[in-house]
Amino acid sequence: MIPSYHAHVYFRTQAEREKAEILRAQIAERFVVRLGRWHDVPVGPHTAPMFQVAFLAGIFSEFIPWLMLNHAGLPILLHPNTGRPRDDHVRYPFWFAEILAIKGETLPEISDEALEMEPNTTPQSKPVK
Ligand code: ZN
């Protein structure tokens, strides 16, 4: 079973950054997730600026359909956390809108690091249809 997932929301221009700010606020209002900090330069395997949304498997069926309809055209990497970071980012992911390059060779084959997660947001509104 997959315990948790990451959605990495990418932005490459000022216009995309503004869309990402709106999307981040919408997510924080609606879902119990852990929002990572803004990375305005590429980090790790990522080849564009982004922020990370970490969430437990229990909200997948609520959060991901919402994200499908509300990603505003931003490229998003959705990957499971299985304890195999390289496979999680390169073999197993879904992409929204666009597929960006991933530097899989920068990731360890095996690591438990992504498996620990405490949410840092409290929803303030119900998902809108
Ligand atoms: Zn990730």
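This is a predicted model: local features need pLDDT of at least 70, side-chain atom pairs count only at pLDDT 80 or more; totals for chains, interfaces and linings use all residues.
A contact means heavy atoms within 4.5 Å.

Residues are numbered from 1 along each chain as its sequence is written, and side-chain values use heavy atoms, with hydrogens and water left out.

**Stop 1: the whole chain**

Show the cartoon. There are three helices and five strands. Helices (H or I, at least four residues) and strands (E, at least two) are DSSP runs, numbered from the N terminus. Trace the elements from the N terminus: the order is β-α-β-β-α-β-α-β. The radius of gyration, taken over C-alpha atoms, is 14 Å. The globule rule (2.2 Å times the number of residues to the power 0.38) also gives 14 Å for 129 residues, so the chain is as compact as a globular protein of that length. Along the principal axes, the C-alpha atoms fill a box of roughly 40 × 35 × 20 Å.

Now colour by accessibility. Buried means under 20% relative accessible area, exposed over 50%, and partly exposed in between (1.4 Å probe, protein chains only). Buried residues account for 43% of the 129 residues.

**Stop 2: the zinc ion**

Select the zinc ion. Its protein donors are His6 (ND1), His8 (NE2) and His79 (NE2), at 2.0 to 2.2 Å. Donors are N, O and S atoms within 2.8 Å of the metal (3.2 Å for Na, K and Ca); water is not among the atoms, so sites may look incomplete. Along the chain the donors are spaced H-x1-H-x70-H. Distant parts of the chain are linked here: histidine 6 is in strand E1 (residues 4–10) and histidine 79 in strand E4 (residues 76–81), 73 residues apart. Both of these histidines are buried.

Stay on histidine 79. Its relative accessible area is 0%. Its side chain makes a polar contact of 3.2 Å with the side chain of histidine 8. A polar contact is a pair of N or O atoms within 3.5 Å; within protein, one must be able to donate a hydrogen and the other to accept it, and residues adjacent in sequence count only if both atoms are side-chain atoms. Leave aside neighbours within four places in sequence, and histidine 79 is in contact with Tyr5, His6, His8, Asp88, His89 and Pro93.

**Stop 3: aspartate 87**

Move to helix H3 (residues 85–90) and pick aspartate 87. At 14% relative accessibility, aspartate 87 is buried. Its side chain makes a polar contact of 3.1 Å with the side chain of arginine 84. Aspartate 87 also touches Tyr92 and Pro93, not counting residues up to four places away in sequence.

**Stop 4: the aromatic rings**

Show Phe, Tyr and Trp. Rings (for Trp, the six-membered ring) pair if their centres lie within 6.5 Å; planes under 30 degrees apart count as stacked, over 60 as edge-to-face and the rest as tilted. The count is nine aromatic pairs.

Select tyrosine 10 and tryptophan 95. This pair is stacked, at 5.9 Å centre to centre with 20 degrees between the planes. Tyrosine 10 lies in strand E1 and tryptophan 95 in strand E5 (residues 94–96), so the pair ties together parts 85 residues apart in sequence. Tyrosine 10 is buried at 0% relative accessibility, whereas tryptophan 95 is partly exposed at 22%.

Next, select phenylalanine 31 and tryptophan 66. Their ring centres are 5.5 Å apart and their planes at 65 degrees, so this pair is edge-to-face. Phenylalanine 31 lies in the loop between helix H1 (14–30) and strand E2 (34–35), and tryptophan 66 in helix H2 (residues 60–70). Both are buried.

**Stop 5: charges over rings**

A charge sits over a ring if NZ of Lys or CZ of Arg is within 6 Å of the ring centre and within 35 degrees of the ring normal. Find arginine 17: its charged end sits over the ring of tryptophan 38, 3.9 Å from the centre. Then find arginine 24, which lies over the face of phenylalanine 51 at 4.9 Å from the ring centre.

**Stop 6: two alanines**

Most residues other than glycine have a negative phi. Alanine 72 has a positive phi of about 60 degrees. Alanine 72 lies in the loop between H2 and E4 and is partly exposed at 42%. Finish at alanine 97, with a positive phi of about 70 degrees. Alanine 97 is in the segment after E5 and is exposed at 53%.
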